[in-house]
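Dear colleague,

Please find below the structure that I am handing over to you. A short account of the findings follows it.

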Amino acid sequence: MSELVDRGGQEVVGVSRIEGPILVIENAGNLGYDEVVEVIDSTGHMRRGRILEVSEKMAVIQIFSGTTGLSIDGTKVRITGSTLKIPVAEEMLGRVFDGLGTPIDGGPVPLTNHFADINGQPINPTSRVYPRDYIQTGISVIDGMNSLVMGQKLPLFSGAGLPHDQLAAQIVRQATLGAPAGESAKHAEDFAIVFAAMGVKHDVANYFKNSFAESGALARVAMFLNLADDPPVERLITPRAALTLAEYLAFEKGMHVLVVLTDMTNYCEALRQISNIRGEVPSRKGYPGYLYSDLASMYERTGRVKTSKGSITQIPILTMPNDDITHPVPDLTGYITEGQIVLGRTLYQHGIYPPISILPSLSRLMKDGIGEGQTREDHPHLMAQLYAAYAHVQDVRSLASVIGEEELGEVDQQYLAFGKAFEGKYISQSFTENRNIEQTLNIGWDLLGLLPKEELTRVSLAEIDKYYKGM
Amino acid sequence: MSERIGTVKWINGPVIRAEGSRQVGMMELVEVGEEHLIGEVIGLNGDIITIQVYEETSGMHPGAPVFGTGLPLSVELGPGLLRSIFDGIQRPLPIIEMRTGSFISRGVHLTPLYRKDRWEFTPVMKEGTVVTGGEVIGTVPETPSIEHRVMIPPDISGTVTWVAPAKSYTIVEPIARVKTADGEKELTMLQRWPIRRLRPYKTRLDQSIPLITGQRVLDTFFPLGKGGAAAIPGGFGAGKTVTQHSIAKYADAQVVIYIGCGERGNEMTEVLQEFPELIDPRSGHPLMERTVLIANTSNMPVAAREASVYTGITIAEYYRDMGYHVALMADSTSRWAEALREVSGRLEEMPAEEGYPAYLAARLAEFYERAGYVRTLSGEEGSVSIIGAVSPPGGDFSEPVTQHTKRFIRCFWALDKSLASARHFPSINWLDSYSEYLDDVAPWWHKATDQNWIGMRNKAMELLSEESRLSQIVKLVGPDALPDEQRLVLETSRLLREGFLQQNAMDTIDAYSTVQKQIGMLALMLYFHDRAHDIIKMGATISVIHKLPVVDTLIRMKTQIPNDKLSMIDEIHEAINAQMTQLEADYK
């Protein structure tokens, strides 16, 4: 440690190149990889940066707030001898910060001597607690078909112009710890909410702020805002700063934390920009080869650990460029997260809210969060049956578009009716409607009543006897 | 053991360059910085040493020391491997937890195997025996299901001068001495082996015994031979991990090595919490007792991801050498390939396809060729089967990792997103998948079940591919336009899809099917088809067939017939016979 203290405060000169947010400095032997430096321009103004690459002869520094006004001569780099750390404290709930964790709500800097490295450390798989407690969001498509579990990372895949912000706000507002159908929800304290905005518009940030205020949650929310006109490089820090606070609240203070990150696509573009300037070998669509590891270093900071009763549940939001789910950002995200909720444009055009495309959506942790003792014993089979039936509806629809609805067989006609009712009654609900798990499950059985019994091969005979309402 | 060999000059993520000794060897294990972070030499140029570091390098600065060990990166082999969970470079995660809490700090130095445990050693070799590498000195009951056979290291041969008497020993206490050409050597139960060097064996044998996984679509339709290699490619959400987990649970391998390579932390935790409670249907002991887990989750250092598959395969070969059948699952090999790409990018190597280094294919080949059914040095038979998951970007199988992998495996289990969307699991597409082991394992099936397995399997495949052709027509004109004979093909294929190919990993009865149940079910469906076919020829319509009560029975029998009550298959056979005979009477 003594060595680090010794180096702190030293100043180095000798900037040799400035390009975009990148600054290259020579004769910088004392800088450490990934450390933070303070860059002072000729007017004495200070900005912060981070070391991306270092050798005895030079160092590559990424400046968070941009390089405007920096000159080759007259710029000094002050060594801090430490990686990027932010203060963390419970009092940060109810506050608003910029993308680097500095307060921008006019309030004081959080008073604490607890500083945490924004990169965090990987959770030891042996120390994790496997997530099994479902969160009731009051939204049928999520609770019934793609349950969210406490400690899960479940992203919203959306597109420009789709109501992902409303959906995220509704989830945040309605989320409670789930209870078996018919029982009232366990008495649990409310979720703490950590919200990080990367490159979103002012309106979006305001929308969330107002929505939190309306539901009376504002005192439980910490907001980290890097808006569309803020420096892109800062965006690389924003989600990490937010997650660092979330980890503190969850694992040291035992709170249940919901983390909303929006919009991950902007984050990835900032990463691509830096990678590009550094001349790295690109992989797909110009994104760097380490995009997967980089995203994982954030998404994996979710879960529960043995030593704390708290949890981190992540809901990252990303917009798929051109609604393309195979684009590297949604694609790599889907490989890391435990499922995805996909919003669909066709449903939205039909006036259905929330426009969640059932078939590509998935919750991987659902299987252990539902069923007897958690929701209801018929839930797993009911879910599989609804999925299978709705998948068949798509086939019938495409057939009907060729041969006409009148030409369809009797059973296929029933499927068409089921599909319509499913979208109208199950998927569709209002922005303020909060359905409990029992209502959601019962609507599912009501709809299956539109299909003949012989078609229901995914549910057991006993379940048909108990719940089936058709003929 | 470690002396200073150089000084750090350049740092870029997990790759560093140091200047120093010219005595350092390629692939030598080194320690970097004051914290002694573990690294491996991957390039030498004059006195510049390029090192990949297996831990986070944040805060390291030029001028930091580099220490050499003189040894290649190796794994520790000995009793205590089973039931363990290691990181990519074989550090025991539970001990790291005791040291540093719920989060993994860097610079933790731990021996992979616990030195203080005592193991009951029983010698099986007499003093004075002339031995060569691989021969068994003695045995240790490592877990109730696996007897650990302590072997002479492959590179040692000579005369045994002393063997320890039956008693409990730690793995570092001597248990034998061998007089070799270069002097007398003392052996312990603990041995080391470099992870990048394959362990020797006598000869390779044919892969004529299938690895039975209890998964019907795999065993019956696309079997993997013991000692073979298979790939499971699929986009996200297609069910790679669930399939890998099912195989790890039910495969008839004696030892299972599960490598979570760049995957989710919660999934490793699931295995860790589930396996000690699940009972192996064959041995009757908890599954964990035959399992070694290696976890490099996606947020753990990327260079260790590259090492994790080698760590796993070396442990697999070690148990193979004892004469066991080992199954190794690597989930996912794409993350390993990406780790190669990342390190290669930082070295500024010339990329080939999609940024991957040109040696990607060579590395994949090296890895998959470590699978095999062999006669071991001690004359036993053992095997390592590799099942590698592949995660192609966008689910597009034309990308480099999938394409190169296809050249080195003989069994391709293609996962299909549209099947997964309809919740058809395991979502293995029967038209895109293939197995080149069919003819190799056919004799085994005939002997085990006394039925014409290959004939039935091919007949069922024929029906399914016919269905795929017919469904193209149905999409254009609707099913009613087809003649009833063809609609029967659609009906039987539906039975095969829903009643046979679909298998519910969460259902206690359905999760695992014995080969007898598999072939019994298949026979019933084909029998149904043949009888129905005859009746349709007599003039019956498909709707009459569709309404037979036995159709529902056939679809539900997978969850109704436990593996130990196969007499129910005969009852269903009788029911088909009775219902069909009655129909026949109507149309005569």
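The largest cavity in this predicted model has a volume of about 140 Å³. A cavity is a set of points, on a 1 Å grid over the protein atoms alone, where a 1.4 Å probe fits but cannot get out; grid points are joined across faces, edges and corners, and the volume is the space filled by probe spheres set on them. The structure holds seven cavities of 30 Å³ or more.

Lining the largest cavity are 17 residues, each with an atom within 4 Å of a point. Nearest its centre lie Ser283(A), Arg284(A), Leu332(A), Glu338(B) and Arg341(B). H8(A) gives the most to this lining, with four residues. By class, the lining has eight nonpolar, three polar and six charged residues (nonpolar: Ala, Val, Leu, Ile, Met, Phe, Trp, Tyr, Cys and Pro; charged: Asp, Glu, Lys and Arg; polar: the others, Gly among them).

In chain B, the axes of helices H10 (438-449) and H13 (515-538) come within 10 Å and cross at roughly 90°. Helices are DSSP runs (H or I, at least four residues), numbered from the N terminus, and axes are lines fitted to C-alpha atoms over the stretch in contact, with angles from 0 to 180 degrees between N-to-C directions. The contact (heavy atoms within 4.5 Å) involves Trp444(B), Trp445(B), Ala448(B) and Thr449(B) of H10(B), and Val515(B), Gln516(B), Gln518(B) and Ile519(B) of H13(B).

Residues are numbered from 1 along each chain as its sequence is written, with chains lettered from A and ligands numbered from 1 in the order written. Local features need pLDDT of at least 70, side-chain atom pairs count only at pLDDT 80 or more, and totals for chains, interfaces and linings use all residues, while side-chain values use heavy atoms, leaving out hydrogens and water.

Yours sincerely

Notes
Helices (H or I, at least four residues) and strands (E, at least two) are DSSP runs, numbered from the N terminus. On a 1 Å grid over the protein atoms alone, a cavity is a set of points where a 1.4 Å probe fits but cannot get out, and a pocket is an open set with protein on both sides within 12 Å along at least five of seven lines; lining residues have an atom within 4 Å of a point.
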